Amino acid sequence: MLDLSASKKQISKADNWLRQQIISDTDQYVPKQQGIMSGGVHVEGDEIVYPGPYARFLYMGKVMVGTESRSAWAKKGEAKEVIDKDLTFQSPTAQARWFEVSKAQNEKAWRWGYEKELRKK
């Protein structure tokens, strides 16, 4: 019988390495005003999760306004909708869809590093 426990352990270690490397390499592209999202980023299973109810809104990078007030500062309880206007970020490297930007820059290094982690004894 073939014992795959060592292989599974190496894959798990490589997966963990990759998740942490993605978080580290992507941080420069994550919008930061108070650092809550980048400070609270964590792994849930196979997913990297940025906290806060506004993380998806920032990731999509579009302004949202109140359906009645048409203001970004909607009234309490007022629903919001996305408009065709991009958000602007204070940091020159921060941007919407930060994972895709980081992946375009780092995917080759991530693949190389993952394979290196798999080969470690």
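Trainee: How does the lining of the largest pocket divide by class?

Mentor: The lining of the largest pocket holds twelve nonpolar, seven polar and two charged residues. In that scheme Ala, Val, Leu, Ile, Met, Phe, Trp, Tyr, Cys and Pro are nonpolar, Asp, Glu, Lys and Arg are charged, and the others, Gly among them, are polar. Please keep in mind that this is a predicted model, in which local features need pLDDT of at least 70 and side-chain atom pairs count only at pLDDT 80 or more, while totals for chains, interfaces and linings use all residues. Residues are numbered from 1 along each chain as its sequence is written, and side-chain values use heavy atoms, with hydrogens and water left out.

Trainee: How much space lies in the largest pocket, and which residues are closest to its centre?

Mentor: The largest pocket has about 620 Å³ of space, and of its 21 lining residues the closest to the centre are Gln-33, Tyr-54, Phe-57, Leu-58 and Phe-89. On a 1 Å grid over the protein atoms alone, a pocket is an open set of points with protein on both sides within 12 Å along at least five of seven lines, whereas a cavity is a set where a 1.4 Å probe fits but cannot get out; lining residues have an atom within 4 Å of a point. The grid points are joined across faces, edges and corners, and the volume is the space filled by probe spheres set on them.

Trainee: Which element gives the largest share of that lining?

Mentor: The largest share comes from α2, with three residues, and α2 (36–40), α3 (55–60) and β3 (62–66) each supply at least two. Helices (H or I, at least four residues) and strands (E, at least two) are DSSP runs, numbered from the N terminus.

Trainee: And the second largest pocket, how much space lies there?

Mentor: About 330 Å³. Its lining divides into nine nonpolar, no polar and two charged residues, and among the lining residues are Ile-22, Glu-47, Tyr-50, Arg-56 and Trp-98. Helix α3 supplies the largest share, four residues, while β2 (47–49) and α4 also supply at least two each.

Trainee: Back to Leu-58, is that residue buried or exposed?

Mentor: Leu-58, which is found in helix α3, counts as buried because its relative accessible area is 15%; buried means under 20%, exposed over 50% and partly exposed in between, with a 1.4 Å probe and protein chains only. Leaving aside neighbours within four places in sequence, Leu-58 is in contact (heavy atoms within 4.5 Å) with Pro-31, Met-37, Leu-87, Phe-89, Ala-96 and Trp-98.

Trainee: What about the largest nonpolar core, how many residues has it?

Mentor: The largest nonpolar core has 13 residues, and those with the most contacts inside it are Val-30, Met-37, Tyr-50, Leu-58 and Trp-98. The elements giving two or more residues to this core are α3 and β3, and α3 gives the most, three residues. Such a core is a set of buried Ala, Val, Leu, Ile, Met, Phe, Trp, Tyr and Cys residues joined through side-chain atoms within 4.5 Å. In soluble globular proteins, nonpolar side chains tend to be buried together.

Trainee: What is Tyr-50 in contact with?

Mentor: Apart from neighbours within four places in sequence, Tyr-50 is in contact with Thr-26, Val-30, Met-37, Val-41, Ala-55 and Trp-98.

Trainee: Changing topic, where does Ser-102 have its place?

Mentor: Ser-102 sits in helix α4 (residues 98–119), and Ser-102 is classed as buried because its relative accessible area is 0%. Not counting residues up to four places away in sequence, Ser-102 touches Asp-25, Thr-26, Tyr-29, Glu-107 and Trp-110.

Trainee: And what is the phi of Arg-70?

Mentor: Arg-70 has a positive phi of about 60° although it is not a glycine, and Arg-70 lies in the loop between β3 and β4 (80–86). Arg-97, in the loop between β4 and α4, has a positive phi near 50°. Most residues other than glycine have a negative phi. Arg-70 is partly exposed, with a relative accessible area of 43%, and Arg-97 is partly exposed at 38%.

Trainee: Last one, what radius of gyration has the protein?

Mentor: The protein has 19 Å, whereas a compact globule of 121 residues would have one near 14 Å; the radius is taken over C-alpha atoms, and the globule rule is 2.2 Å times the number of residues to the power 0.38. The C-alpha atoms fill a box of roughly 65 × 30 × 25 Å along the principal axes, and buried residues make up 26% of the 121 residues.
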